[in-house]
Amino acid sequence: MTSSSVTRDGSLWIPEYLNSINPAMCIGCGRCFKVCSREVMHPYGIDEAGEMLGICDGEDDFNGELSRVIMVIDYPGRCIGCGACARVCPKNCQTHIAVDDRAVHES
């Protein structure tokens with residue numbers, strides 16, 4: 001059984017929560033970060049070896065170690081399942097799970 005909600009106009013709506021972002025596919029464009037009103041993910045700097053350098057503010061190059069930027073989910077519990085991030089992602093690198101599927105994946 002899938003939990004669902006109803007929108008103001010009575011339409012059926014099933015939240016789908018952001019579950020993961022594929023770091024190999026993510027280009028760090030920041031579109032998902034910009035549309036997320038809940039600050040679920042943030043841009044992180046990555047070095048040549050693929051090691052995380054930390055949250056990227058757009059100005060710090062981590063002493064020249066910055067190779068690229070990817071989005072990382074750091075507050076998954078804040079996601080409300082609206083799907084805005086998936087709609088703006090040009091690489092389709094995110095996976096989302098329906099509300100009832102969450103319990104299966106978290107156990």
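Glu 59 is an exposed residue, with a relative accessible area of 75%. In this predicted model, Glu 59 sits in the loop between strand 5 (52-55) and strand 6 (68-73). Glu 59 also belongs to a negative surface patch, whose other members are Glu 48, Asp 57, Asp 60, Asp 61 and Glu 65. Membership in such a patch calls for over 30% relative accessible area and no salt bridge, and Glu 59, at 75%, is exposed.

Stay in that loop for a moment, since two further residues there deserve a look.

Now for the charges. The chain carries 9 positive and 15 negative side chains, and the centres of the two sets lie 10 Å apart. Side chains of opposite charge can pair when their charged atoms come close. How many salt bridges does a search of the whole structure find? The search finds one. Glu 39 and Arg 78 form a salt bridge, with their closest N and O atoms 4.0 Å apart. This pair links distant parts of the chain, as the partners are 39 residues apart. Glu 39 is in the loop between helix 1 (31-35) and strand 4 (41-46), while Arg 78 is in the loop between strand 6 and helix 2 (84-88). Glu 39 is partly exposed, at 45% relative accessible area, and Arg 78 is partly exposed as well, at 32%.

Tyr 75 brings us back to Glu 39. Tyr 75 lies in the loop between strand 6 and helix 2, and is partly exposed, with a relative accessible area of 40%. Which residues does Tyr 75 contact, leaving aside its neighbours within four places in sequence? They are Glu 39, Val 40 and His 42.

| Residue | Relative accessible area | Class |
|---|---|---|
| Glu 59 | 75% | exposed |
| Glu 39 | 45% | partly exposed |
| Arg 78 | 32% | partly exposed |
| Tyr 75 | 40% | partly exposed |

Finally, let us step back to the whole chain. The chain has three helices and seven strands, and along the sequence they follow the pattern β-β-β-α-β-β-β-α-β-α. The C-alpha trace spans about 50 × 30 × 20 Å along its principal axes. The chain has 107 residues, of which 31% count as buried. Its accessible surface comes to about 7,100 Å², with 49% belonging to carbon and sulfur atoms. Among contacts between residues at least 6 apart in sequence, 63% join residues at least 24 apart. The salt bridge between Glu 39 and Arg 78 also spans the sequence, with its partners 39 residues apart.

How values were computed: Residues numbered from 1 in each chain as written. Predicted model: local features only at pLDDT ≥ 70, side-chain atom pairs only at ≥ 80, totals over all residues. Heavy atoms only, no water. Patch = residues over 30% accessible without salt bridge, like charges linked within 9 Å, V, L, I, M, F, W, Y side chains within 5 Å. Areas by Shrake-Rupley, 256 points an atom, 1.4 Å probe, with all protein chains shown as cover. Salt bridge = Lys/Arg side-chain N within 4 Å of Asp/Glu carboxyl O. Lys, Arg positive; Asp, Glu negative; His and termini not counted. Charge placed at Lys NZ, Arg CZ, Asp CG, Glu CD. Helix = DSSP H or I, 4+ residues; strand = E, 2+ residues; numbered from the N terminus. Buried < 20%, exposed > 50% of the residue type's maximum accessible area, 1.4 Å probe, protein only. Contact = heavy atoms within 4.5 Å.
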